[in-house]
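Student: Could we go through this model together? I would like to begin with the place where the chains meet.

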Amino acid sequence: MSKAKTLYDKLWDDHVVRSEDDGTALLYIDRHLVHEVTSPQAFEGLRLAGRKPWRSSSIVAVPDHNVPTTDRSQGITDPVAKLQVETLDSNCKAFGLTEFTMSDVRQGIVHVIGPEQGATLPGMTVVCGDSHTSTHGAFGALAFGIGTSEVEHVLATQCLMQNKSKNMLVSVDGEVGVGVTAKDIVLAIIGKLGTAGGTGYAIEFGGDAIRALSIEGRMTVCNMAIEAGARAGMVAVDDTTIDYVKGRPYSPTGETLEKAVAYWSTLHSDDGAHFDEVIHINAADIKPQVTWGTSPEMVVDIESRVPNPDDESDRVKADGMRKALAYMGLEAGTPISEIAVDKVFIGSCTNSRIEDLRDAAKIAEGKKVADNIKLAMVVPGSGLVKKQAEEEGLDKIFIEAGFEWREPGCSMCLAMNADRLEAGERCASTSNRNFEGRQGQGGRTHLVSPAMAAAAAIKGHFADATELN
Amino acid sequence: MQAFTQHTGIVAPMDRPNVDTDAIIPKQFLKSIKRSGFGPNAFDDWRYLDEGGPDIDNAGRRINPDFILNQPPFDKATILLARENFGCGSSREHAVWALDDFGFRVVIAPSFADIFYNNSFKNGLLPIVLDADVVDELFKRIAEKPGLEISIDLEAQTVSCEGEEIASFEIDAFRKHNMLNGLDDIALTLQHADEIKAYEEKRKQSAPWLF
Ligand code: SF4
């Protein structure tokens, strides 16, 4: 009998083209997702070397980081951003690549549209010049972010030189409480692991609480694997995965589908497979989470207070906490529920799918955004998510409550377009990074779930969404 | 890629953990479609007191005198010393281009984020992992003697300071070889084009839905 393997071992072994003596492997890449920010220099490099994409059909491109979320009929007003998006358009045209351009209803955040189109399938290797590529691991795929030199490498060779990571299992055992979401689960995991706890590992998320999540919830969890330092996060394939994938534009059909399903069903860790590290988390202990600092590991639950650096024995850590509190304009000991916010952002590749919007709408329905909120915005992850939400009437719920309803894109997740925080402004955000300046220079970001963001908008300060519902 | 064999230079101490790629090069500069010119905006939010942008001339901006890289002799540093988890966050290779363009050849830290670590090798910037104790010791030595130079020998995998070897570091053989010789990864991989094609043929049989 062959050796018991983890899901990651299986995905890895199936994609090794050749190995060097020191273990470095040439790994074959099945799907290459491309966006406007990290690709121009790669295409230029390709051209300068007189090379062409190895397999054009593996590529799906979309502009997302720079696109405006307001009326698109004017095009992009920022000339630098405009040039970058046009450069993507012209590169895709020149090399004959599939691109969902800004005016296409299928346009959206790269990590939302890949799965939506069935361009992400179980068992694939998926890469993109973007760290949140880990999102696609939700399908039992090996998905990770790469730099621009690697984008060029994949374009030219369909492969990457890689060293295998170690295996980690994060098992979320039991059932979460009512109203506790995938975002709360993953923030709690990062709080426990730390932002570098997963460095050098590929993380498989397992346990009853993960199995119980929808594919969208699993994407939220895998999306943030990178915030725990792991390049890849993944969840084993089950019926939930297969049901989601079937019938999408890029998925196989007929006999090929049957063959695929037979293979996909093997994509889980074998009994007795070896993990270098196993972490258990009790699902019932997880409450709605709110970050208080400038790193995703600086997180507590809604019932807690802002922690005190004097209670931290590690000097470097305590120092980091002091810097974070100063930047965030917070006092140690303040109850989280007393922190007032200025802006609310519901969107990003972590939380902009239909279920996220439904969660937020449930909280907002029939209520009004508090007077102290300067801006509350909802940015759907793709044109198709937007359309579906409108069919369900979610846009009306948001607009009536006082939210702005926008066009799809990355938007205020990283504020490369006009959507941003001003210095000192505090934001309840469903995105994935609360780094200094991430949502605008001097802006203060608190990461939360869509329901918690909606609750903050309605109350004007953080509040337990499970009580508001 | 530029080759890296040995290097001696001034070490700039950046005494903080989790220096993220958003801090190394803020997003407004990512709109560029070029690979060069990011040096003047490396650590932009920390380095200047006013807000910068791709179309703003840095010459007229207000410098933050408290920021380490604005203080001589560290403005001439070619080696950066930092704490845990350097380069975390976004995959933007612009972070490496910005450090390189500033003049850095080496970054030393107790740990690096994976993608940043990888990106560094593609651009001839050497990331060196040293024990937290050794890093701490280096911070102390620099505090006592600002402008201290250290020497890196990639072939021997050693770090020396004032004529004395203070540490050795690990690096995979494959990466070391490519860096020492300044080899182009793509050209190396294309030497195996036949194997890639053979793999594809096999996969087309076993997993036709992927093609
Ligand atoms: S939504 Fe945010 S994290 Fe996701 S791809 Fe866009 S910028 Fe990156």
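Student: How many residues does the contact take from chain B and chain A?
Tutor: The contact takes 59 residues from chain B and 75 residues from chain A, where contact means heavy atoms within 4.5 Å. This is a predicted model: local features need pLDDT of at least 70, side-chain atom pairs count only at pLDDT 80 or more, and totals for chains, interfaces and linings use all residues. Residues are numbered from 1 along each chain as its sequence is written, chains are lettered from A and ligands numbered from 1 in the order in which they are written, and side-chain values use heavy atoms, with hydrogens and water left out.

Student: What area is buried between chain B and chain A?
Tutor: About 5700 Å², of which carbon and sulfur atoms give 55%. Buried area is the accessible area (1.4 Å probe) that two parts lose on being put together, summed over both. On the side of chain B, the residues B:K27, B:K31 and B:W209 supply 15% of the area that this chain buries against chain A, more than any other three residues.

Student: And how many salt bridges are there across the interface?
Tutor: The rule finds eight salt bridges between chain B and chain A; each is a side-chain nitrogen of Lys or Arg within 4 Å of a carboxyl oxygen of Asp or Glu. One example joins A:R55 to B:E200, with the closest N and O atoms 3.9 Å apart.

Student: Which elements give two or more residues to the side of chain B that touches chain A?
Tutor: They are α2 (44–47), α3 (94–102), α4 (114–121), α6 (173–181), α7 (185–190) and α8 (193–206) of chain B. Helices (H or I, at least four residues) and strands (E, at least two) are DSSP runs, numbered from the N terminus. The largest share, nine residues, comes from α8(B).

Student: Changing topic: in what order do the seven strands of the open sheet in chain B run?
Tutor: The order is β4-β3-β2-β1-β5-β6-β7 and the pairing is mixed; two strands pair if DSSP finds at least two bridges between them.

Student: Why is one side of β4 and of β7 in chain B left without a neighbour in the sheet?
Tutor: β4 (126–129) and β7 (164–168) of chain B stand at the edges and each has a single partner strand, so one side of each lacks a neighbour in the sheet. From one strand to the next, the twist averages 30°.

Student: In which sense do β1 and β2 of chain B pair?
Tutor: Strand β1 (residues 6–14) and strand β2 (residues 79–82) of chain B pair in the parallel sense over four bridges. B:V11 stands opposite B:I79 in β2(B).

Student: What lies across these strands?
Tutor: Helix α5 (residues 132–144) of chain B lies across β1, β2, β3 (106–109), β5 (149–153), β6 (158–161) and β7 of chain B, and runs at about 115° to β2(B). Axes are lines fitted to C-alpha atoms, for helices over the stretch in contact, and angles run from 0 to 180 degrees between N-to-C directions.

Student: Which residues does the cis peptide bond join?
Tutor: It joins B:P72 and B:P73, with omega about 5°. B:P73 is placed in the loop between α2 and β2 of chain B.
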